[in-house]
Amino acid sequence: MFQKCFWFAGLLAILLVMSCNEPGTKKTDARDTLAGAAIPVPDTAAVVPVTRDATEAEVMDSLRKIPFVAESHRYIDSFSHHKQGIAFLIDTISDKEVNFRAGYNGALRFETYYFFTVDPQNFDIKVMEPVSGDQLTIAEYQKAQQQ
């Protein structure tokens, strides 16, 4: 009997610890740069070049303004009854590049529509072509999608 109570108390303690650290509760600070050591988690995500390291918010705003991303945003907004738009996840971070995934953040999983690689120093944005895996510029990607 004592072992069952001890097991139950241990399970309860683990659940309490896990519930204190719920995902999605961490807020990002727009002043954090992509080249920083900490990896903040964005709640969501201008193709305008900047002279300093770009922040996450600046990069996500730029990605939202890309025509095919804006079209996907409208699509997600329509089928979610205007409750959601396109969402962004940061996959990896380094001094030379940051990987962003853009897509639909569903209740069961994140559905990736686009995979972007951004250089935070020069704001160079590349899109991964889904079939070949090649890194293309935005113009090259749009041209490849029209063929």
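**View 1. Helix 3 lies across strand 1, strand 2, strand 3 and strand 4, running at about 155 degrees to strand 3.** The model is predicted: local features need pLDDT of at least 70, side-chain atom pairs count only at pLDDT 80 or more, and totals for chains, interfaces and linings use all residues. Residues are numbered from 1 along each chain as its sequence is written, and side-chain values use heavy atoms, with hydrogens and water left out. Helices (H or I, at least four residues) and strands (E, at least two) are DSSP runs numbered from the N terminus. Axes are lines fitted to C-alpha atoms, for helices over the stretch in contact, with angles from 0 to 180 degrees between N-to-C directions. Helix 2 also lies across strand 1, strand 2, strand 3 and strand 4, at about 125 degrees to strand 1.

**View 2. Helix 3 has 13 residues, and its end C-alpha atoms are 19 Å apart.** At 1.5 Å a residue the helix should span 18 Å, which agrees; the expected span is 1.5 Å times one less than the number of residues. Phe 68, Val 69, Ala 70, Ser 72 and Ile 76 are the buried residues of helix 3. Buried means under 20% relative accessible area, exposed over 50%, and partly exposed in between (1.4 Å probe, protein chains only). These buried residues pack against helix 2, strand 1, strand 2, strand 3, strand 4 and helix 4.

**View 3. Ser 72 is placed in helix 3.** Its relative accessibility is 8%, so Ser 72 counts as buried. Leaving aside residues up to four places away in sequence, Ser 72 touches Ile 86, Tyr 113 and Tyr 114. Contact here means heavy atoms within 4.5 Å.

**View 4. The largest nonpolar core has 23 residues.** A nonpolar core is a set of buried Ala, Val, Leu, Ile, Met, Phe, Trp, Tyr and Cys residues joined through side-chain atoms within 4.5 Å. Leu 63, Phe 68, Val 69, Phe 100, Tyr 114 and Phe 116 have the most contacts inside this core. At least two core residues come from each of helix 2 (56–64), helix 3 (67–79), strand 1 (87–93), strand 2 (98–105), strand 3 (110–119), strand 4 (124–128) and helix 4 (138–146). Strand 2 gives the most, with four residues. Not counting residues up to four places away in sequence, Val 69 touches Leu 63, Arg 64, Ile 86, Phe 88, Tyr 114 and Phe 116.

**View 5. Five strands form an open sheet in the order 1-2-3-4-5, with antiparallel pairing.** Strand 1 and strand 5 (135–136) stand at the edges with a single partner strand each, so one side of each has no neighbour in the sheet. Two strands pair if DSSP finds at least two bridges between them.

**View 6. Strand 1 and strand 2 form a hairpin with four residues between them.** The two strands run antiparallel and are joined by five bridges. Ile 93 has Val 98 of strand 2 as its bridge partner, and Ile 90 stands opposite Phe 100 in strand 2.

**View 7. Asp 91 and Arg 101 meet through their side chains in a salt bridge (2.9 Å, N to O).** This pair links distant parts of the chain, with Asp 91 in strand 1 and Arg 101 in strand 2, ten residues apart. Asp 91 counts as partly exposed at 34% relative accessibility, and Arg 101 counts as partly exposed at 24%. A salt bridge is a side-chain nitrogen of Lys or Arg within 4 Å of a carboxyl oxygen of Asp or Glu. The structure holds three salt bridges.

**View 8. Asp 61 forms a salt bridge with Arg 64, with the closest N and O atoms 3.1 Å apart.** Both residues lie in helix 2, three residues apart, about one turn of the helix. Asp 61 is partly exposed, with a relative accessible area of 39%, and Arg 64 is partly exposed at 28% relative accessibility.

**View 9. The side chains of Glu 111 and Arg 109 meet in a salt bridge (3.4 Å, N to O).** Glu 111 counts as partly exposed at 28% relative accessibility, whereas Arg 109 is exposed, with a relative accessible area of 51%.
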